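The following paragraphs guide the reader through a single protein chain, from its overall form to one particular link within it. Please keep the sequence and the model in view while reading.

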Amino acid sequence: MRFLHVLATAYCLIGHTASGALVHHGAIAVDPRIIHMGSHIFVPGYGRGRALDTGSAVQGYHIDLWMSSCSRARTWGARRLIISVQGRA
């Protein structure tokens, strides 16, 4: 297990992730140079998820959490957190 200091933001787009999965609670966008795709991640205040997505704005120590509504995503805002990563991180 590895612990990382990250900026955690949220998104609410509907569709598929970069890995091909449908978006759902627990789908997390990462920079695959920092956190490998498929890694299991625990985010305080969000819960467990997996690195299933990427994004042009998600670079370095930044993750983007999928939320079921845009109002939830706005409420989450941007938070600096320590996350735990299991897998190929």
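A residue is called buried when its relative accessible area is under 20%, exposed when that area is over 50%, and partly exposed in between (1.4 Å probe, protein chains only). By this criterion, 43% of the 89 residues of the chain count as buried. The model is a predicted one, in which local features need pLDDT of at least 70, side-chain atom pairs count only at pLDDT 80 or more, and totals for chains, interfaces and linings use all residues. Residues are numbered from 1 along each chain as its sequence is written, and side-chain values use heavy atoms, with hydrogens and water left out.

The chain contains six strands and one helix, where helices (H or I, at least four residues) and strands (E, at least two) are DSSP runs numbered from the N terminus. Read from the N terminus, the order of elements is β-β-β-β-β-α-β. The C-alpha trace spans about 30 × 25 × 20 Å along its principal axes. Of the contacts (heavy atoms within 4.5 Å) between residues at least 6 apart in sequence, 69% join residues at least 24 apart.

One disulfide is present, a disulfide being a pair of cysteine sulfur atoms within 2.5 Å. It joins C12 to C70, with an S to S distance of 2.0 Å. The link connects distant parts of the chain, 58 residues apart: C12 lies in the loop between strand 1 (2-11) and strand 2 (27-29), and C70 in helix 1 (residues 70-76). With 85 degrees about the S-S bond, the link of C12 and C70 is right-handed. C12 is buried, at a relative accessible area of 19%, whereas C70 is partly exposed, at 35%.
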